[in-house]
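User: I've got a model open and want to talk it through. Can you take my questions one at a time?

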Amino acid sequence: MALITRYCLRCILLFSLGAFSVFAVAAVDTFEFDTDEQQQRFRNLSDELRCPMCQYANLSSSTGGVAEDLRREIYLMIMEGRTDEEIEQFMFERYGEFIFFRPRFNPSTYLLWFGPLIFLLIGALVAWAILRKSRGTTVASSGLSAEEQEKLARLLKQK
């Protein structure tokens with residue numbers, strides 16, 4: 001009886017492993033390229049373009065249906081002989097600036113590129129102004145009379 005139970009458990013385990021491996025293989029795209037250069041271009045573009053559905057994954061790592069369609073579209077355009085710039089422009093026209101992980105450098109993205117530097121400079125100026133103001137505050141500038149300043153100095157010396 002124990003032998004039959006172990007045999008059944010092994011069969012269930014093997015069946016479940018086989019069933020899950022089918023799902024893992026289903027997400028892999030298989031494209032055949034004429035040259036290694038075309039395959040490298042496909043990989044680069046798939047890594048640099050963002051999946052519109054997943055938002056935080058590139059096309060290479062996304063398993064979504066939209067990512068599959070975009071990978072297929074990139075493959076077809078590469079096979080048609082389009083350049084990387086033409087493919088990126090096509091994706092930009094279709095999905096906007098969001099499709100790029102590294103946005104293009106143009107007037108609409110200046111704040112995105114220079115924003116952190118601007119905020120860093122503003123923070124440095126504010127810190128500098130606060131330090132300058134705190135160093136400028138002395139006993140003489142506190143509005144005390146000469147007599148009060150002397151009394152304060154004597155009290156401070158006693159401690």
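User: How do the elements of the chain run from the N terminus on?

Analyst: This is a predicted model, where local features need pLDDT of at least 70, side-chain atom pairs count only at pLDDT 80 or more, and totals for chains, interfaces and linings use all residues. Residues are numbered from 1 along each chain as its sequence is written, and side-chain values use heavy atoms, leaving out hydrogens and water. Helices (H or I, at least four residues) and strands (E, at least two) are DSSP runs, numbered from the N terminus. The chain has 6 helices and 0 strands, and the order is α-α-α-α-α-α.

User: Is Ser-62 buried or exposed?

Analyst: Ser-62 sits in the loop between helix 2 (36-48) and helix 3 (65-80). Buried means under 20% relative accessible area, exposed over 50%, and partly exposed in between (1.4 Å probe, protein chains only). Ser-62 has 4% relative accessibility, so Ser-62 is buried.

User: Which residues is Ser-62 in contact with, leaving aside its neighbours within four places in sequence?

Analyst: Contact here means heavy atoms within 4.5 Å. With those neighbours set aside, the partners of Ser-62 are Cys-51, Cys-54, Ala-57, Ala-67 and Arg-71.

User: At what angle do helix 3 and helix 4 pack?

Analyst: Two packed helices are described by the angle between their axes and the distance between the axes. Axes are lines fitted to C-alpha atoms, for helices over the stretch in contact, and angles run from 0 to 180 degrees between N-to-C directions. For helix 3 and helix 4 (residues 84-95), the axes are 11 Å apart and the angle is about 145 degrees.
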